[in-house]
Amino acid sequence: MTLSAQACTVSLDPRPWRDTLRVGRSVLKQAFEQQASARPLLKHYCSLVDGLLQSIWHALQLPSHGVLVAVGGYGRGELFPYSDVDVLILLQEVPNAATQASIECLVGVLWDIGLEVGHSVRTVAQCLEAAQDDVTIQTNLLEARYLCGARELYQDFEQAFQAALDSQAFFEAKLLEQDQRHARYNDSAYSLEPNLKESPGGLRDLHNLLWLAQAAGIGRRWRDLVRAGLLSDAEMRAIQALEYFLFELRCRLHYLAGRREDRLLFDFQNALAAQYGLESSASRRPSEMLMQHYYRSVKTVAQMRDILIPSLRARVFAIPGAQLPQPLNARFQVRANLLEAIDDTLFEHTPSAILECFHLLQQQPELQGMTAVTLRALWRARVRINPAFRRDPINRARFMAILREPRGLTWTLRSMNRYGVLGRYIPAFGRIVGQMQHDLFHIYTVDEHILTVLRNMRRLNVPELAHEYPLASRLISGFERPEVLYLAALFHDIAKGRGGDHSSLGKVDALRFCRQHGLPEADIALVGWLVAQHLSMSATAQKQDLSDPDVIARFCSQVPDERHLIALYLLTVCDIRGTSPKVWNAWKGKLLEDLFYAARRWLGGGSQPVSGIAAVQAEARRILRLYGLEDQAEAALWSSLDDAYFLRHEAQEIAWHTRHLWHRITTLKPVVRARLSPIGEGVQVMIYTSDQPELFVRICGFFERLSYTILDAKIHTTRNGYALDSFLVMDPAQRNVPYRDFLSYIEHELGVVLADGAPMPAVTQGRISRHLKHFPLAPEVSLRPDEKGAFHALSIVVGDRPGLLSAIAKVLHQHGVRINAAKITTLGERAEDTFMIQGEALSKQKALLQMESDLLQVLKI
């Protein structure tokens, strides 16, 4: 409610208070900029607002039976520069008209002087009733702090609230609320633009620990948890340092944004990094360094959360006899479904038990984790993982046993990463923990991406999920010693951020690790080869013409045998899916499957192109007969098509084209047909028209105006001078449009665009994303002739944006260059497009240089 001070019955001039607030804020900001000390800022700003509220309360002569109470973060004493000021106006009884007018006056004055106030007006009974139904209100009241008014009423409220607080119900509600909040952020602290307050590992998780401690009757400060024996002094200092870092970062973010902003948006990451004095290195941006520090900090918050919550639960839900341990082996026991070390110093005198405890959790799926005492001991003992630990044959054998265990691998490695064990056992992995790459398509930190790829690999082994990726699931089910796949996943990006080729550098790390862990020579070679080649299959499938036997031959020349091919296919599928949910689609899946099948045929001595054409034509005829076309009905159309057409199109697509064109080989009006793509996603569009200038540009412009993405384009010119083009397009926004209506719309409207011959509209100039704006990608243009000399391959890597394809096509048209085929690969916000082109300009060096210059010009943001 926004109210004006004009409603006041007492004449007040808000300007003195407004000036006091403005000057006070300015002084605090200057002090923070000089010292960058968050705690004094929060404390002094809270005191400034306290004084203003108390002064206004008294000046307005509000009823003596009322109390002004600070609640929420303000009650806690953590008032950030642009945070709301949450207050409770506590009354002895429901307000009458006069009291209500006074309250409206108070709130109006607070808004007029520049405070953003969140307020509630309740009696003690109403507070208890509201808190009973809403854990958020209950939490706000838990932070209540007296400001001014009737102190006796406030004391009555405190006593009544504490007496009504059901600590067990509150505890469960707060954990449920935390789980729901984490779910809103995909249960990941490693998003590109995390929320300092709400994301997993953020300030809200720290607040939650203190709220649970209050519910357990321990206190509201970290020192209280030390007195209760739940934290050591060293752990308290560590958690306070984390809290201080998040406090300072949030203050800086508020001042930088000039508003209440808790998201670490791309807009602010570079500026924040500069404030911390971070500078670019040869391989990393300052923002990446800042974010790595942030991700490692929130990871530690998660560790402390895992240690403290079980201990707090034991205080709140004390059940006599329920904690009696059951022996598991000579070193471990089970207590309340949690693994516990029998000796608190076990990890210190027997470091090998560090890996043993994770292996036991894998083998005992009924266990829900480790006790807080064991987690704390594990956390302290992680420094015992040193070179001697890594050389110990027992530990090496245990790590390989973890990889070979049939269940629980993903959870185990994630837990080992969370508690710092994985990064110490594999030091190269430790260096990429929390490392972000602003490459426009990876949305996870490098360590999170690696573990996601490994999770994807494990999911292929789950029979209930075989329908998701049938080919991959079938291949992995027969793959011997799948631990080589897990090792390849673990090492494929481990050298990111070092500079140089991360695939080659990672291969060295992988080979060394595999030799140290006693893998057979053949498996060692396979893991090293997979790490070195992990990008080759996706690059071939997405950027090259898979209908060209030479492309398949070149790819297969690097593949030793079918086992290598299967392993590379599985790793590639899991890797692409592990970059971002937006990167994978059915089209990429089909391209990889096509390359896999073609390569397997080639490795097995498959058929030559001529017999391949005959087989495709025979299958297309069989399909046409199913649709009732007479024998030889296709002959006239097919006689106008050359071998390249039959090599580049599948039988069902050829049959689809033929059904619509066999009786109209010559036509004055463009023929446009659309259907749902057989791959299960997107729309396939066929265009048949007499060849015309700027045809490709017009088609691209049409789909760009619809905000559709072109994934693939096959451009063919018949012997009688007609263009027979096939496009696969997809709606990135997945708008809910009746598909029949939309297919009809495409057929009609695109036909009109191609028939009317109107001048070309200007290229669409859409808005670029914030990510691309703040982390621009320098355009790359590469042009090389194919080995047969018939075409040139034009490769373009650039940040994606609306109108990009039309702009490229227009430049090529202006230089008299014809597009024969296009593969459009979008990786998040990164476009990697490949065109097979022909034209006289490609044979002239000066014209070629001018075309490249013009392309770079239109690609600039």
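**View 1. Helix α9 passes helix α13 in a left-handed crossing**. In this predicted model, local features need pLDDT of at least 70 and side-chain atom pairs count only at pLDDT 80 or more, while totals for chains, interfaces and linings use all residues. Residues are numbered from 1 along each chain as its sequence is written, and side-chain values use heavy atoms, with hydrogens and water left out. A crossing is left-handed if the near helix is turned anticlockwise from the far one by less than a right angle, and right-handed if clockwise. Helices are DSSP runs (H or I, at least four residues) numbered from the N terminus. The angle between α9 (residues 203-215) and α13 (residues 286-316) is about 15°, and their axes are 10 Å apart. Axes are lines fitted to C-alpha atoms over the stretch in contact, and angles run from 0 to 180 degrees between N-to-C directions. α9 is therefore roughly parallel to α13 (angles under 35 degrees count as roughly parallel, over 145 as roughly antiparallel, 65 to 115 as roughly perpendicular and the rest as oblique). D205, L206, L209, L212 and A213 of α9 make the contact with V301, R305, L308, I309 and L312 of α13 (contact means heavy atoms within 4.5 Å). By class, the residues of this contact are eight nonpolar, no polar and two charged (Ala, Val, Leu, Ile, Met, Phe, Trp, Tyr, Cys and Pro count as nonpolar, Asp, Glu, Lys and Arg as charged, and the others, Gly among them, as polar).

**View 2. Helices α22 and α24 pack with their axes 8 Å apart**. The angle between α22 (residues 446-459) and α24 (residues 483-491) is about 160°, which means that α22 is roughly antiparallel to α24. The crossing of α22 past α24 is right-handed. On α22 the contact is made by I450, V453, L454, M457 and R458, and on α24 by L485, Y486, A489 and L490. Eight nonpolar, no polar and one charged residues form this contact.

**View 3. Helices α11 and α12 pack at an angle of about 120°**. The axes of α11 (residues 233-257) and α12 (residues 266-275) lie 11 Å apart. The angle makes α11 oblique to α12. Their crossing is right-handed. L249, R252, L253, L256 and A257 in α11 meet F268, A271, L272 and Q275 in α12. Seven of the contact residues are nonpolar, one is polar and one is charged.

**View 4. The second largest pocket holds about 1,200 Å³ of space**. Its lining has 46 residues, of which L546, S547, R601, L647 and E650 are the closest to the centre. Helix α30 (residues 586-603) supplies the largest share of the lining, eight residues. The lining divides into 23 nonpolar, 12 polar and 11 charged residues. A pocket is an open set of points on a 1 Å grid over the protein atoms alone, where a 1.4 Å probe fits, with protein on both sides within 12 Å along at least five of seven lines; lining residues have an atom within 4 Å of a point. Grid points are joined across faces, edges and corners, and the volume is the space filled by probe spheres set on the points.

Notes. Helices (H or I, at least four residues) and strands (E, at least two) are DSSP runs, numbered from the N terminus.
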